[in-house]
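Work through the exercises below with the sequence and the model open. Try each task before reading its solution.

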Amino acid sequence: MGGRRVRSHARSLPLRVGTRGSPLALHQTRMFLRMVTGFCPVLNAAKAFEEHAITTSGDLVQDRRLAEIGGKGLFAKEIHEALADGRVDFAVHSLKDLETRLPPGIVLACCLPREDERDALVLGPRCGAPDADDPFAALPYGATVGTSSVRRQAQLLAARPDLKVVLLRGNVQTRLAKVHDGTVDATLLALAGLRRLGLEHLADIPLSPQVMVPAAGQGIIGITVREEDEELCELLAAIEDQEARIVATAERALLDTLDGSCRTPIGSHAELLPGGMLRLTGLVASEDGHFLLRRVMTGAASDAAWIGAELGRSLKRDAPAEIFLP
(Lines give C-alpha, C1' and ligand atoms only; values in the text may rest on other atoms or scores of the structure.)
Protein backbone atom coordinates (compact mmCIF):
# COMPACT_ATOMS: atom_id res chain seq x y z
CA MET A 1 0.00 0.00 0.00
CA GLY A 2 1.15 3.58 -0.58
CA GLY A 3 3.90 4.86 -2.81
CA ARG A 4 1.58 6.83 -5.10
CA ARG A 5 1.30 10.60 -5.12
CA VAL A 6 -2.11 12.19 -5.16
CA ARG A 7 -2.41 15.67 -6.58
CA SER A 8 -4.10 18.34 -4.50
CA HIS A 9 -7.72 19.11 -5.22
CA ALA A 10 -9.74 22.19 -4.35
CA ARG A 11 -12.95 20.99 -2.76
CA SER A 12 -14.99 22.02 0.21
CA LEU A 13 -14.43 20.43 3.59
CA PRO A 14 -15.49 18.60 5.61
CA LEU A 15 -15.89 15.46 3.52
CA ARG A 16 -18.90 13.51 4.77
CA VAL A 17 -18.51 9.81 5.46
CA GLY A 18 -21.53 7.54 5.76
CA THR A 19 -21.50 4.53 8.04
CA ARG A 20 -23.78 2.31 10.07
CA GLY A 21 -24.02 3.36 13.68
CA SER A 22 -22.93 0.15 15.42
CA PRO A 23 -19.80 0.25 17.62
CA LEU A 24 -17.93 -1.92 15.10
CA ALA A 25 -18.98 0.18 12.10
CA LEU A 26 -17.91 3.40 13.84
CA HIS A 27 -14.60 1.87 14.88
CA GLN A 28 -13.91 0.74 11.32
CA THR A 29 -14.80 4.17 9.98
CA ARG A 30 -12.44 5.93 12.38
CA MET A 31 -9.69 3.45 11.58
CA PHE A 32 -10.10 4.24 7.88
CA LEU A 33 -10.10 7.99 8.52
CA ARG A 34 -6.84 7.74 10.50
CA MET A 35 -5.34 5.90 7.55
CA VAL A 36 -6.47 8.34 4.90
CA THR A 37 -5.52 11.48 6.84
CA GLY A 38 -2.11 10.02 7.59
CA PHE A 39 -1.57 9.33 3.89
CA CYS A 40 -2.81 12.62 2.44
CA PRO A 41 -1.34 15.79 4.01
CA VAL A 42 -4.00 17.91 2.33
CA LEU A 43 -6.64 16.23 4.47
CA ASN A 44 -4.54 16.03 7.62
CA ALA A 45 -6.30 19.02 9.13
CA ALA A 46 -8.83 19.54 11.86
CA LYS A 47 -12.42 18.77 10.88
CA ALA A 48 -11.42 17.40 7.47
CA PHE A 49 -14.08 14.69 7.84
CA GLU A 50 -17.55 14.50 9.27
CA GLU A 51 -19.14 11.21 10.31
CA HIS A 52 -22.75 10.53 9.40
CA ALA A 53 -24.15 7.49 11.20
CA ILE A 54 -27.07 6.13 9.18
CA THR A 55 -29.59 3.60 10.47
CA THR A 56 -30.20 0.96 7.81
CA SER A 57 -33.18 -1.33 7.26
CA GLY A 58 -30.98 -4.26 8.27
CA ASP A 59 -30.35 -2.60 11.63
CA LEU A 60 -34.00 -1.80 12.35
CA VAL A 61 -35.42 -5.33 12.03
CA GLN A 62 -33.74 -7.71 14.45
CA ASP A 63 -36.31 -10.49 14.87
CA ARG A 64 -36.18 -11.95 11.35
CA ARG A 65 -33.52 -13.28 9.01
CA LEU A 66 -32.22 -10.94 6.33
CA ALA A 67 -33.69 -13.18 3.61
CA GLU A 68 -37.18 -12.48 4.97
CA ILE A 69 -36.80 -8.68 4.80
CA GLY A 70 -34.86 -8.21 1.57
CA GLY A 71 -31.32 -9.58 1.85
CA LYS A 72 -27.90 -8.33 2.90
CA GLY A 73 -28.20 -5.23 0.71
CA LEU A 74 -30.37 -3.81 3.50
CA PHE A 75 -27.17 -3.03 5.44
CA ALA A 76 -26.19 -0.55 2.72
CA LYS A 77 -29.46 0.58 1.09
CA GLU A 78 -29.96 3.82 3.04
CA ILE A 79 -26.23 4.57 3.02
CA HIS A 80 -26.07 4.32 -0.76
CA GLU A 81 -29.19 6.43 -1.09
CA ALA A 82 -27.41 9.13 0.93
CA LEU A 83 -24.34 8.72 -1.28
CA ALA A 84 -26.33 8.99 -4.51
CA ASP A 85 -28.19 12.04 -3.20
CA GLY A 86 -24.96 13.82 -2.25
CA ARG A 87 -25.69 13.80 1.49
CA VAL A 88 -22.42 11.92 2.06
CA ASP A 89 -19.25 11.81 -0.06
CA PHE A 90 -18.21 8.22 0.58
CA ALA A 91 -19.21 5.27 2.76
CA VAL A 92 -17.42 2.66 4.85
CA HIS A 93 -18.65 -0.95 4.91
CA SER A 94 -17.75 -4.40 6.14
CA LEU A 95 -17.24 -5.91 2.69
CA LYS A 96 -18.97 -9.16 3.62
CA ASP A 97 -22.19 -7.16 4.15
CA LEU A 98 -21.99 -5.38 0.80
CA GLU A 99 -24.01 -6.75 -2.13
CA THR A 100 -21.98 -7.85 -5.17
CA ARG A 101 -23.99 -5.68 -7.58
CA LEU A 102 -23.95 -2.08 -6.43
CA PRO A 103 -26.56 0.54 -7.38
CA PRO A 104 -25.92 2.42 -10.64
CA GLY A 105 -23.33 5.15 -10.22
CA ILE A 106 -21.84 3.65 -7.03
CA VAL A 107 -18.45 1.89 -7.12
CA LEU A 108 -16.25 -0.03 -4.70
CA ALA A 109 -13.30 2.36 -4.80
CA CYS A 110 -11.04 0.88 -2.14
CA CYS A 111 -10.35 -2.28 -0.15
CA LEU A 112 -8.34 -1.93 3.06
CA PRO A 113 -5.87 -4.57 4.29
CA ARG A 114 -7.59 -7.75 5.37
CA GLU A 115 -7.85 -8.52 9.08
CA ASP A 116 -8.13 -12.17 10.15
CA GLU A 117 -10.80 -13.69 7.91
CA ARG A 118 -11.72 -16.59 10.22
CA ASP A 119 -14.93 -17.17 12.12
CA ALA A 120 -14.64 -17.72 15.86
CA LEU A 121 -16.70 -19.89 18.18
CA VAL A 122 -17.71 -18.16 21.41
CA LEU A 123 -18.68 -20.59 24.17
CA GLY A 124 -21.15 -20.11 27.02
CA PRO A 125 -21.16 -21.50 30.58
CA ARG A 126 -22.58 -24.93 29.65
CA CYS A 127 -19.84 -25.69 27.14
CA GLY A 128 -16.73 -27.75 27.69
CA ALA A 129 -13.11 -26.72 27.40
CA PRO A 130 -11.96 -25.50 23.98
CA ASP A 131 -10.15 -28.08 21.89
CA ALA A 132 -8.36 -26.70 18.84
CA ASP A 133 -8.04 -30.19 17.33
CA ASP A 134 -11.79 -30.83 17.57
CA PRO A 135 -13.33 -27.36 17.65
CA PHE A 136 -16.97 -28.43 17.98
CA ALA A 137 -16.31 -30.97 20.75
CA ALA A 138 -16.81 -28.26 23.39
CA LEU A 139 -20.48 -28.00 22.43
CA PRO A 140 -22.69 -30.34 24.50
CA TYR A 141 -25.01 -32.73 22.68
CA GLY A 142 -28.07 -30.78 21.53
CA ALA A 143 -26.53 -27.41 22.40
CA THR A 144 -28.23 -24.24 21.19
CA VAL A 145 -26.10 -22.09 18.88
CA GLY A 146 -27.28 -18.59 18.01
CA THR A 147 -26.58 -17.12 14.57
CA SER A 148 -28.38 -15.35 11.74
CA SER A 149 -25.95 -16.68 9.12
CA VAL A 150 -27.20 -19.58 7.00
CA ARG A 151 -23.58 -20.10 5.88
CA ARG A 152 -22.47 -20.74 9.45
CA GLN A 153 -25.62 -22.73 10.23
CA ALA A 154 -25.15 -25.12 7.29
CA GLN A 155 -21.50 -25.86 8.02
CA LEU A 156 -22.19 -26.29 11.73
CA LEU A 157 -25.08 -28.71 11.15
CA ALA A 158 -23.10 -30.65 8.56
CA ALA A 159 -20.49 -31.30 11.25
CA ARG A 160 -22.91 -31.64 14.20
CA PRO A 161 -26.49 -32.43 13.16
CA ASP A 162 -27.52 -32.78 16.80
CA LEU A 163 -27.14 -29.05 17.43
CA LYS A 164 -30.06 -26.63 17.57
CA VAL A 165 -29.49 -23.42 15.63
CA VAL A 166 -31.62 -20.41 16.59
CA LEU A 167 -31.85 -16.87 15.23
CA LEU A 168 -29.50 -14.43 16.93
CA ARG A 169 -29.07 -10.95 15.47
CA GLY A 170 -27.80 -7.62 16.77
CA ASN A 171 -24.39 -6.01 17.15
CA VAL A 172 -21.37 -7.89 18.45
CA GLN A 173 -21.90 -6.83 22.06
CA THR A 174 -25.55 -7.91 22.01
CA ARG A 175 -24.70 -11.36 20.69
CA LEU A 176 -21.90 -11.83 23.19
CA ALA A 177 -24.25 -10.92 26.03
CA LYS A 178 -26.75 -13.59 24.89
CA VAL A 179 -24.01 -16.21 25.15
CA HIS A 180 -22.72 -15.13 28.51
CA ASP A 181 -26.18 -14.94 30.10
CA GLY A 182 -27.02 -18.44 28.86
CA THR A 183 -29.74 -17.45 26.36
CA VAL A 184 -27.77 -19.54 23.85
CA ASP A 185 -24.93 -21.96 24.52
CA ALA A 186 -22.62 -20.54 21.87
CA THR A 187 -22.40 -18.29 18.85
CA LEU A 188 -20.14 -17.69 15.86
CA LEU A 189 -18.64 -14.26 15.14
CA ALA A 190 -16.14 -12.85 12.68
CA LEU A 191 -12.75 -12.79 14.36
CA ALA A 192 -11.92 -9.55 12.53
CA GLY A 193 -14.72 -7.71 14.31
CA LEU A 194 -13.70 -9.04 17.72
CA ARG A 195 -10.11 -7.96 17.11
CA ARG A 196 -11.06 -4.48 15.98
CA LEU A 197 -13.18 -4.02 19.10
CA GLY A 198 -10.45 -5.31 21.40
CA LEU A 199 -12.50 -8.41 22.23
CA GLU A 200 -10.30 -11.09 20.70
CA HIS A 201 -9.88 -12.70 24.13
CA LEU A 202 -13.56 -13.71 23.95
CA ALA A 203 -12.95 -15.83 20.84
CA ASP A 204 -12.70 -19.27 22.43
CA ILE A 205 -11.94 -21.22 19.24
CA PRO A 206 -10.88 -19.56 15.96
CA LEU A 207 -12.03 -21.80 13.11
CA SER A 208 -9.71 -22.33 10.17
CA PRO A 209 -11.17 -21.74 6.69
CA GLN A 210 -10.87 -25.50 6.18
CA VAL A 211 -13.31 -26.06 9.07
CA MET A 212 -15.62 -23.09 8.43
CA VAL A 213 -15.36 -21.44 5.00
CA PRO A 214 -15.74 -17.66 5.58
CA ALA A 215 -18.07 -15.26 3.83
CA ALA A 216 -16.85 -13.46 0.71
CA GLY A 217 -14.93 -10.37 1.77
CA GLN A 218 -14.85 -11.28 5.46
CA GLY A 219 -12.28 -9.21 7.36
CA ILE A 220 -12.02 -6.55 4.62
CA ILE A 221 -13.30 -2.98 4.89
CA GLY A 222 -14.63 -1.58 1.62
CA ILE A 223 -15.17 2.06 0.68
CA THR A 224 -17.85 3.08 -1.83
CA VAL A 225 -18.13 6.42 -3.63
CA ARG A 226 -20.01 7.96 -6.52
CA GLU A 227 -18.41 6.82 -9.75
CA GLU A 228 -18.36 10.41 -11.03
CA ASP A 229 -16.28 11.63 -8.06
CA GLU A 230 -12.90 11.19 -9.73
CA GLU A 231 -11.00 13.05 -7.01
CA LEU A 232 -12.06 10.69 -4.24
CA CYS A 233 -11.67 7.66 -6.51
CA GLU A 234 -8.08 8.72 -7.16
CA LEU A 235 -7.35 9.28 -3.49
CA LEU A 236 -8.83 5.94 -2.46
CA ALA A 237 -7.06 4.03 -5.23
CA ALA A 238 -3.79 5.36 -3.85
CA ILE A 239 -4.34 3.90 -0.38
CA GLU A 240 -5.91 0.63 -1.51
CA ASP A 241 -4.38 -2.66 -0.45
CA GLN A 242 -3.82 -4.60 -3.68
CA GLU A 243 -3.79 -8.02 -2.02
CA ALA A 244 -7.16 -7.34 -0.41
CA ARG A 245 -8.57 -6.20 -3.75
CA ILE A 246 -7.38 -9.37 -5.50
CA VAL A 247 -8.81 -11.82 -2.97
CA ALA A 248 -12.02 -9.79 -2.70
CA THR A 249 -12.39 -9.86 -6.48
CA ALA A 250 -12.17 -13.65 -6.57
CA GLU A 251 -14.48 -14.19 -3.61
CA ARG A 252 -17.12 -11.74 -4.78
CA ALA A 253 -17.02 -13.10 -8.34
CA LEU A 254 -17.86 -16.56 -6.99
CA LEU A 255 -20.72 -15.15 -4.91
CA ASP A 256 -22.05 -13.14 -7.83
CA THR A 257 -21.94 -16.14 -10.18
CA LEU A 258 -23.82 -18.36 -7.75
CA ASP A 259 -26.34 -15.53 -7.38
CA GLY A 260 -27.73 -17.06 -4.25
CA SER A 261 -30.21 -15.34 -2.00
CA CYS A 262 -29.56 -14.80 1.70
CA ARG A 263 -31.24 -18.20 2.10
CA THR A 264 -28.39 -19.90 0.21
CA PRO A 265 -25.38 -20.87 2.35
CA ILE A 266 -22.31 -19.78 0.36
CA GLY A 267 -18.69 -19.59 1.50
CA SER A 268 -15.81 -18.07 -0.46
CA HIS A 269 -12.20 -17.77 0.64
CA ALA A 270 -9.18 -16.77 -1.46
CA GLU A 271 -5.53 -16.74 -0.48
CA LEU A 272 -2.48 -15.57 -2.39
CA LEU A 273 0.28 -18.10 -2.96
CA PRO A 274 3.95 -17.68 -3.94
CA GLY A 275 4.67 -17.03 -7.59
CA GLY A 276 1.65 -14.82 -8.24
CA MET A 277 -0.87 -17.62 -7.77
CA LEU A 278 -4.24 -17.63 -6.03
CA ARG A 279 -6.18 -20.46 -4.39
CA LEU A 280 -9.94 -20.07 -4.02
CA THR A 281 -12.15 -22.27 -1.88
CA GLY A 282 -15.87 -22.18 -2.59
CA LEU A 283 -18.74 -23.77 -0.73
CA VAL A 284 -22.46 -24.09 -1.32
CA ALA A 285 -24.85 -25.99 0.94
CA SER A 286 -28.42 -26.47 2.02
CA GLU A 287 -29.57 -24.66 5.16
CA ASP A 288 -29.91 -27.91 7.11
CA GLY A 289 -26.39 -29.05 6.18
CA HIS A 290 -27.63 -32.26 4.53
CA PHE A 291 -26.03 -31.14 1.27
CA LEU A 292 -22.62 -29.47 1.29
CA LEU A 293 -20.27 -29.09 -1.67
CA ARG A 294 -16.80 -27.62 -1.26
CA ARG A 295 -14.31 -27.16 -4.11
CA VAL A 296 -10.92 -25.51 -4.63
CA MET A 297 -9.48 -23.87 -7.73
CA THR A 298 -5.97 -22.47 -8.22
CA GLY A 299 -4.79 -20.08 -10.91
CA ALA A 300 -2.94 -16.87 -11.61
CA ALA A 301 -3.86 -14.04 -9.25
CA SER A 302 -4.27 -11.80 -12.29
CA ASP A 303 -7.22 -14.02 -13.26
CA ALA A 304 -8.98 -13.56 -9.90
CA ALA A 305 -12.34 -12.59 -11.40
CA TRP A 306 -12.30 -15.50 -13.87
CA ILE A 307 -11.31 -18.01 -11.16
CA GLY A 308 -14.18 -16.87 -8.96
CA ALA A 309 -16.70 -17.04 -11.79
CA GLU A 310 -15.47 -20.42 -13.03
CA LEU A 311 -15.52 -22.01 -9.57
CA GLY A 312 -18.97 -20.52 -9.01
CA ARG A 313 -20.22 -22.09 -12.25
CA SER A 314 -18.77 -25.45 -11.21
CA LEU A 315 -20.51 -25.35 -7.83
CA LYS A 316 -23.82 -24.23 -9.29
CA ARG A 317 -23.74 -26.92 -11.96
CA ASP A 318 -23.42 -29.72 -9.39
CA ALA A 319 -25.64 -28.37 -6.61
CA PRO A 320 -29.42 -29.02 -6.35
CA ALA A 321 -31.31 -26.22 -8.09
CA GLU A 322 -33.74 -25.86 -5.18
CA ILE A 323 -31.11 -24.47 -2.81
CA PHE A 324 -30.85 -21.35 -5.00
CA LEU A 325 -34.57 -20.61 -4.92
CA PRO A 326 -35.58 -17.32 -3.23
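Buried means under 20% relative accessible area, exposed means over 50%, and partly exposed lies in between (1.4 Å probe, protein chains only). This is a predicted model: local features need pLDDT of at least 70, side-chain atom pairs count only at pLDDT 80 or more, and totals for chains, interfaces and linings use all residues. Residues are numbered from 1 along each chain as its sequence is written, and side-chain values use heavy atoms, with hydrogens and water left out.

**Exercise 1. Classify D256 and R101, then describe how their side chains meet.**

Step 1. D256 has 24% relative accessibility, so D256 counts as partly exposed.
Step 2. R101 has a relative accessible area of 57%, so R101 is exposed.
Step 3. Apply the salt-bridge test: a side-chain nitrogen of Lys or Arg within 4 Å of a carboxyl oxygen of Asp or Glu. The side chains of D256 and R101 form such a bridge, at 2.6 Å from N to O.
Step 4. D256 is in helix α9, while R101 is in the loop between β3 and β4, 155 residues apart. Helices (H or I, at least four residues) and strands (E, at least two) are DSSP runs, numbered from the N terminus.

**Exercise 2. Find what the side chain of D119 joins.**

Step 1. Take R151. Its side chain meets that of D119 in a salt bridge of 2.8 Å, N to O.
Step 2. Locate the pair. R151 lies in helix α5 and D119 in strand β5, so the bridge ties together parts 32 residues apart in sequence.
Step 3. R151 and D119 are both buried.
Step 4. Take R152, also in helix α5 (residues 150-159). Its relative accessible area is 6%, so R152 is buried.
Step 5. A polar contact of 2.7 Å joins the side chains of R152 and D119. Such a contact is a pair of N or O atoms within 3.5 Å; within protein, one must be able to donate a hydrogen and the other to accept it, and residues adjacent in sequence count only if both atoms are side-chain atoms.

**Exercise 3. Where is P135, and which residues does P135 contact beyond its neighbours within four places in sequence?**

Step 1. P135 sits in the loop between β5 (119-123) and β6 (144-146).
Step 2. Its relative accessible area is 10%, so P135 is buried.
Step 3. Contact means heavy atoms within 4.5 Å. Leaving aside neighbours within four places, P135 is in contact with L121, I205, L207 and V211.

**Exercise 4. Describe the largest nonpolar core.**

Step 1. A nonpolar core is a set of buried Ala, Val, Leu, Ile, Met, Phe, Trp, Tyr and Cys residues joined through side-chain atoms within 4.5 Å. The largest has 28 residues, and L278, L280 and V284 have the most contacts inside it.
Step 2. At least two residues come from each of β4 (106-111), α9 (242-258), β11 (266-273), β12 (277-285) and α10 (304-318). Helix α9 gives the most, with seven residues.
Step 3. Separate the second core. It has 20 residues, including L33, V36, L112 and V225.

**Exercise 5. In what order do the three strands of the open sheet run?**

Step 1. Two strands pair if DSSP finds at least two bridges between them. The order is β11-β12-β13, with antiparallel pairing.
Step 2. Find the edges. β11 and β13 (292-300) each pair on one side only.
Step 3. Nine bridges join β12 to β13. L280 stands opposite M297 in β13.
Step 4. α9 lies across β11 and β12, at about 150° to β11. Axes are lines fitted to C-alpha atoms, for helices over the stretch in contact, and angles run from 0 to 180 degrees between N-to-C directions.

**Exercise 6. Give the order of the five-strand open sheet.**

Step 1. The order is β2-β1-β3-β10-β4, and the pairing is mixed.
Step 2. β2 (49-53) and β4 are the edge strands.
Step 3. Five bridges join β3 (residues 90-94) to β10 (residues 221-226), which run antiparallel. F90 stands opposite V225 in β10.
Step 4. Helix α1 (residues 23-39) lies across β1 (15-19), β2, β3 and β10, at about 165° to β2.
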